[in-house]
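Trainee: I would like to take a close look at the inside of this protein, and above all at its nonpolar core. Could you walk me through it?

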Amino acid sequence: MIVDPNQVAAFAAAKTSVAPVPSFTPGPSVSYETAGDSGKRALWVVFVIMLVATVVFSFLSFSVPISKRLYHVITTLIVTFAALSYFAMASGDGISLHKNVVTEEHKHVPDTQTYVYREVYWARYVDWSLTTPLLLLDLALLAGLSGGNIVIAVVADIIMVLTGLFAAFGKEESPSKWGWYAIACIAYLVIVWQLAVNGRATAFGKGGKVGTFFASIAGFTLIVWTIYPIVWGVADGARIASVDQEIIAYAVLDVLAKPVFGAWLLYTHAAIPETNIEVGGFWTHGVSGEGAIRVGDDDEGA
């Protein structure tokens, strides 16, 4: 076959003139994990429950002398703080978006990234930092724990809540997120020790009725509290559960840990005289005449 050299040259020129196919790297996509209708509805329902509990516990406190209202005041404050927290979350306040970068690797095309923004309800952690120490104080007073043991339990509780908050905002690709979670779990074990060992021993030292009641209500509290880190692990932690599922799970736990706990404590405490704590002095009488600051009195002989 005879090949014309001119045709070969023209073919080569045409082949080399074709521009290369440009490569295209897509930008990151964005997705949001936010509360739906069921989650928002649950927040409002729990707010109403906490508000009703606040009113009921407040009225119950007026049925006893002020010197014996310590349990009532503490328990009322617990549901009051919870009501404020749930109102903040239900109204859209007390919420932040936490960014998580998800990278998908591909063999023949560039890797792609997705920016996932998930709602973190930081108002919940503010609630826990106030209400859980008060819950522990209720149980510690019921058991008759020493001041030193109470301080240890409360400090461990605050560490648990704060490290949980740090973990919720931790970077997904960083081991520090689960490191904070581990610290929170260790702090929780300190609380368990104080209640299950020291608290139980001192409670039974006050009598069989007090010991049995403390063992029941403290055991109930520890079971409920143990579920919290499990929910955190599958929600804020691994992000397996949706935001709605997270809200509903925490809502059920909060109702059990606060209004149900409070009602159980106040009604049973009223039936067991050995659990009474009577506080006098400033709590009952305020600032007495002796040592009070006087305003507007003239000095004698002035």
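Of the 64 residues in the largest nonpolar core, which touch the most other members?

Mentor: Happy to. The model is predicted, so local features need pLDDT of at least 70 and side-chain atom pairs count only at pLDDT 80 or more, while totals for chains, interfaces and linings use all residues. Residues are numbered from 1 along each chain as its sequence is written, and side-chain values use heavy atoms, with hydrogens and water left out.

In the largest nonpolar core, the residues that touch the most other members are F214, W225 and Y228. Such a core is a set of buried Ala, Val, Leu, Ile, Met, Phe, Trp, Tyr and Cys residues joined through side-chain atoms within 4.5 Å. Buried means under 20% relative accessible area, exposed over 50%, and partly exposed in between, using a 1.4 Å probe and protein chains only.

For the setting, the protein has 9 helices and 3 strands; these are DSSP runs numbered from the N terminus, helices being H or I of at least four residues and strands E of at least two. Along the sequence they follow the pattern α-β-α-α-β-β-α-α-α-α-α-α. Of the 302 residues in the protein, 37% are buried. Two or more core residues come from each of α2 (37–61), α3 (70–90), α4, α5, α6, α7 and α8. The most come from α7, which gives 11 residues.

Now zoom in on W225. Not counting residues up to four places away in sequence, W225 touches T132, L135, L136, D157, Y188, I191 and A257; contact here means heavy atoms within 4.5 Å. Across the protein, among contacts between residues at least 6 apart in sequence, 79% join residues at least 24 apart.

At least two lining residues come from each of α4 (122–143), α5 (147–168), α6 (176–205), α7 (208–237) and α8 (243–271). The lining has 15 nonpolar, 2 polar and 1 charged residues, where Ala, Val, Leu, Ile, Met, Phe, Trp, Tyr, Cys and Pro are nonpolar, Asp, Glu, Lys and Arg are charged, and the others, Gly among them, are polar.

Further along α7 sits W232, which counts as buried because its relative accessible area is 4%. Leaving aside neighbours within four places in sequence, the contacts of W232 include Y125, G164, A167, K177, W178 and Y250. W232 and A167 are 65 residues apart along the chain, yet their C-alpha atoms are separated by 9.7 Å.

At a relative accessible area of 1%, R124 is buried.

Two loops are worth a visit as well. R239, in the loop between α7 and α8, has a positive phi of about 60° although it is not a glycine. In the loop between α2 and α3, S67 is buried at 10% relative accessibility, and R69 is buried at 19%. W283 is among the contacts of S67 and among those of R69.

Finally, an unreviewed UniProt entry places the feature "transmembrane region" at residues 42–64, 70–89, 139–166, 178–198 and 210–235; its positions are given in the numbering used here, feature names are shortened, and annotations may be inferred rather than shown by experiment. In the model, residues 70–89 are 100% helix, with end C-alpha atoms 29 Å apart. Residues 178–198 are 100% helix too, and their end C-alpha atoms are 29 Å apart.
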